[in-house]
Amino acid sequence: MTPAARLSAAIDLLAAVEASPRRPADAIANDFFRARRYIGGSDRRNVSERAWGAIRQRLRLAWHFAELGVENPPARLLLAGHLLLAEGWSVDGVDQNFSGERFAASPLTEAERDLLGKLAGRPLVLPRMPEGPRLNLPDWALPGLRSRFGESLAAEAAAMEAAAPLDLRANLLKVDREGALAALAAEGIPATPTPLSPWGLRIADRRPVSATKPFLEGLIEVQDEGSQLIALVTDARPGMRVADFCAGAAGKTLALAATMGNRGHIVACDTSASRLEGAGRRLRRADVHNSERHLLTSGDKWRKRNSQKFDRVLVDAPCTGTGTWRRNPDARIRTNARDLAELVLKQAMILEDASELVRPGGRLVYATCSLLPEEDEMQMAAFLERHEDFEALPLPGLWAELRPGLAAPGDGPWMALSPARHGTDGFFAAVLQRRPT
Ligand SMILES: C[S@@+](CC[C@H](N)C(=O)[O-])C[C@H]1O[C@@H](n2cnc3c(N)ncnc32)[C@H](O)[C@@H]1O
């Protein structure tokens, strides 16, 4: 493809993302390239990098255009704005590529050229910007993030903009961490042990591993270190009965089955049949033999039958995903204040359902990949207020047993991981115990 044709394809991809603001951008990109198989590997990379660049900077680009009187700029202007402000292009450079020739974007109108002329030479981030676009944080999340991070908000916002490393978990059912490191090295992939998770491996350059031997043989799983730590603090042990109540595609179930050494019983529950189906494939590849999957439906009697039967119940709740913005920058603009309010209610309802399963003396672990207090510590405070039969098990005590000698990653009683402080995605986890009767 010519450079102009690549730019034109990037505009089309960006337009597709803009047209479906509720759909994850990576799913849209997959469909986009599936429908255009003629776009080869390196063109594809170039096209998606350009479109993702504009998606990452969408809040700031929108601010610049709004200042010049343009609300809701079309994809071609957003992309041109990104070339000027983030990549340092000149207006002439943009003009030459918007040539209108075969496969190129249509020529800039006079009004577009004028507008871009006013943008050219501006820095992407200006001191006069309001805090939201300056830090690349959406208005709906700002109050929560401010109250969580206070003085460190800018540092956290910067860490949320940096590329995330690729973290893997050694599958202890098949190999130890050193064995997994050696298996990766044999494929020419250098990795380092993660500092907090005892099973984690980090690949700095994010090269894909899904076609490698260690992955296909189930020696490793892709999982952020923070997500591994949620499994760690759940402390599922051999012989226990464990429910992973929002199991999705089984990311945590796999890690829990490993700490259980395949002994005892783990039930992966979810309301999504397709996610549970994906979970089945992963559980088989990892050689997990102590699990069953359960599709939660309305009017389901399973919960009643299993009331107070589980030693550990993990609620890895659906949430805004604010902690994963390093990986999913489009979620900043896909989610809004109403989603947050709805999710907070949903989380409370899930907690009610899941907590029924915990036996006296057993533990309920509540986790999110959110950095917002509404979904995290405030959700826990409200649950404890409603449930005198549960009490908090503060992280420092649990952590000292699980990772002696390492400082507990959190403030107060809960685990609270953040990109700037811990180099992980943002995660929250609270461990509660049902009081013994
Ligand atoms: C954060 S994701 C789980 C990720 C998964 N634990 C992992 O580690 O890969 C939240 C999951 O909650 C599920 N979910 C949504 N509503 C639910 C409900 N009422 N009860 C149980 N699960 C629910 C969603 O289908 C989704 O798979």
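**Domain spacing.** I looked up domain 1 and domain 3 and found 39 Å between their centres, taken over C-alpha atoms. The model is predicted: local features need pLDDT of at least 70, side-chain atom pairs count only at pLDDT 80 or more, and totals for chains, interfaces and linings use all residues. Residues are numbered from 1 along each chain as its sequence is written.

I noted the domain assignment of the protein: domain 1 is 3–123, domain 2 is 166–222 and domain 3 is 225–434. These bounds come from an automatic or database domain assignment.

**Domain 1 against domain 3.** I checked which residues touch. Here 9 residues of domain 1 are in contact with 6 residues of domain 3. Contact means that the C-beta atoms of two residues, placed from the backbone, lie within 7 Å. On the domain 1 side, α3 (41–56) and α4 (58–67) each supply at least two residues. I use DSSP runs for the elements, numbered from the N terminus: helices are H or I with at least four residues, strands are E with at least two. The domain 1 side that touches domain 3 holds 6 nonpolar, no polar and 3 charged residues. For these classes, Ala, Val, Leu, Ile, Met, Phe, Trp, Tyr, Cys and Pro are nonpolar, Asp, Glu, Lys and Arg are charged, and the others, Gly among them, are polar.

**α1 and α5.** I took α1 (residues 3–19) with α5 (residues 75–85). Their axes come within 8 Å and cross at roughly 120°. Axes are lines fitted to C-alpha atoms, for helices over the stretch in contact, and angles run from 0 to 180 degrees between N-to-C directions. α1 and α5 are therefore oblique to each other. On the scale used, under 35 degrees is roughly parallel, over 145 roughly antiparallel, 65 to 115 roughly perpendicular, and the rest oblique. I listed L7, A10, I11, L14, A15 and E18 from α1, which meet A75, R76, L78 and L79 from α5. That contact divides into 8 nonpolar, no polar and 2 charged residues.

**α1 and α2.** I then turned to α2 (residues 25–34). It packs with α1 at about 130°, with the axes 10 Å apart. This pair is therefore oblique too. L13, A16 and V17 of α1 meet A25, I28, A29 and F32 of α2. By class I count 7 nonpolar, no polar and no charged residues there.

**α3 and α5.** For this pair I found an angle of about 90° and axes 9 Å apart. That makes α3 roughly perpendicular to α5. R50, G53 and A54 of α3 make the contact with L78, L79 and H82 of α5. It divides into 3 nonpolar, 2 polar and 1 charged.

**Ligand shell.** Last, I looked around the ligand. It is surrounded by 16 residues, the closest being C246, G248, G251, S272 and D316. A residue counts as near if its C-beta atom, placed from the backbone, lies within 6 Å. The shell divides into 7 nonpolar, 5 polar and 4 charged residues.
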